[in-house]
Amino acid sequence: MTPSEFAHKVFARQWPIWLVGLIFVAAFGLVVTGYWRRGALVMAIAVGVAAALRLALPEDRAGFLVVRTRLIDVTTTALVSAAMLYIAWTIDPLGTS
């Protein structure tokens with residue numbers, strides 16, 4: 001296996017999890033800079049994106065988003081996203097942004 005084939009296999013075929021990971025990095029950046037409510041909201045969006053990608057993509061294209069069956073994966077990630085969204089939206093800011 002050549003290095004370019006390996007890079008294609010690792011990066012190009014796993015783009016859904018890379019996209020979700022990139023959104024999480026942005027969320028952690030917000031949290032570190034003091035915008036923890038906005039960071040939590042972006043984390044909820046990232047989990048929602050993972051659920052949408054798992055629902056929309058076939059199993060051979062979803063990469064590492066595939067853990068169990070499609071129904072279980074989408075249900076659990078959508079529920080986690082909804083819970084995180086609710087918490088981020090309703091939690092008292094305690095004087096922070």
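Reader: Which residues is Leu65 in contact with, leaving aside its neighbours within four places in sequence?

Author: In this predicted model, Leu65 is in contact with Pro16, Ile17, Ala50, Leu53, Arg54 and Asp73, once neighbours within four places in sequence are set aside. A contact here means heavy atoms within 4.5 Å.

Reader: What makes Ala50 count as buried or exposed?

Author: The relative accessible area of Ala50 is 11%. Buried means under 20%, so Ala50 is buried. Ala50 is found in helix α3, residues 36-56, and touches Val20 and Leu65, not counting residues up to four places away in sequence.

Reader: Which residues make up the largest nonpolar core?

Author: There are eight: Val20, Ile23, Ala46, Ala50, Leu53, Leu57, Ala62 and Leu65. Helices α2 and α3 are the elements that give two or more residues to this core, and the largest share, three residues, comes from α3. In soluble globular proteins, nonpolar side chains tend to be buried together.

Reader: How do you know whether α2 is roughly parallel or antiparallel to α3?

Author: Helix α2, residues 15-32, packs with α3 at an angle of about 170 degrees, and their axes are 7 Å apart. Angles over 145 degrees count as roughly antiparallel, so α2 is roughly antiparallel to α3. Among the residues making the contact are Val20 and Ile23 of α2, and Ala46, Ala50 and Leu53 of α3. By class, this contact has 18 nonpolar, one polar and one charged residues.

Reader: Why is the aromatic pair of Phe11 and Trp18 called tilted?

Author: Two aromatic pairs are counted. For Phe11 and Trp18, the planes are 40 degrees apart and the centres 5.3 Å apart. Stacked needs under 30 degrees and edge-to-face over 60, so a pair between those limits is tilted. Phe11 is partly exposed, with a relative accessible area of 47%, and Trp18 is partly exposed at 45%.

Reader: What makes Phe24 and Phe28 a tilted pair?

Author: Their centres are 6.1 Å apart, with 35 degrees between the planes, and pairing needs centres within 6.5 Å. Phe24 and Phe28 are four residues apart in helix α2, so about one helical turn separates them. Phe24 is partly exposed at 23% relative accessibility, and Phe28 is partly exposed at 46%.

Definitions and conventions
Residues are numbered from 1 along each chain as its sequence is written. This is a predicted model: local features need pLDDT of at least 70, side-chain atom pairs count only at pLDDT 80 or more; totals for chains, interfaces and linings use all residues. Side-chain values use heavy atoms; hydrogens and water are left out. Buried means under 20% relative accessible area, exposed over 50%, partly exposed in between (1.4 Å probe, protein chains only). Axes are lines fitted to C-alpha atoms, for helices over the stretch in contact, and angles run from 0 to 180 degrees between N-to-C directions. Angles under 35 degrees count as roughly parallel, over 145 as roughly antiparallel, 65 to 115 as roughly perpendicular and the rest as oblique. Ala, Val, Leu, Ile, Met, Phe, Trp, Tyr, Cys and Pro count as nonpolar, Asp, Glu, Lys and Arg as charged, and the others, Gly among them, as polar. A nonpolar core is a set of buried Ala, Val, Leu, Ile, Met, Phe, Trp, Tyr and Cys residues joined through side-chain atoms within 4.5 Å. Rings of Phe, Tyr and Trp (its six-membered ring) pair if their centres lie within 6.5 Å; planes under 30 degrees apart count as stacked, over 60 as edge-to-face and the rest as tilted.
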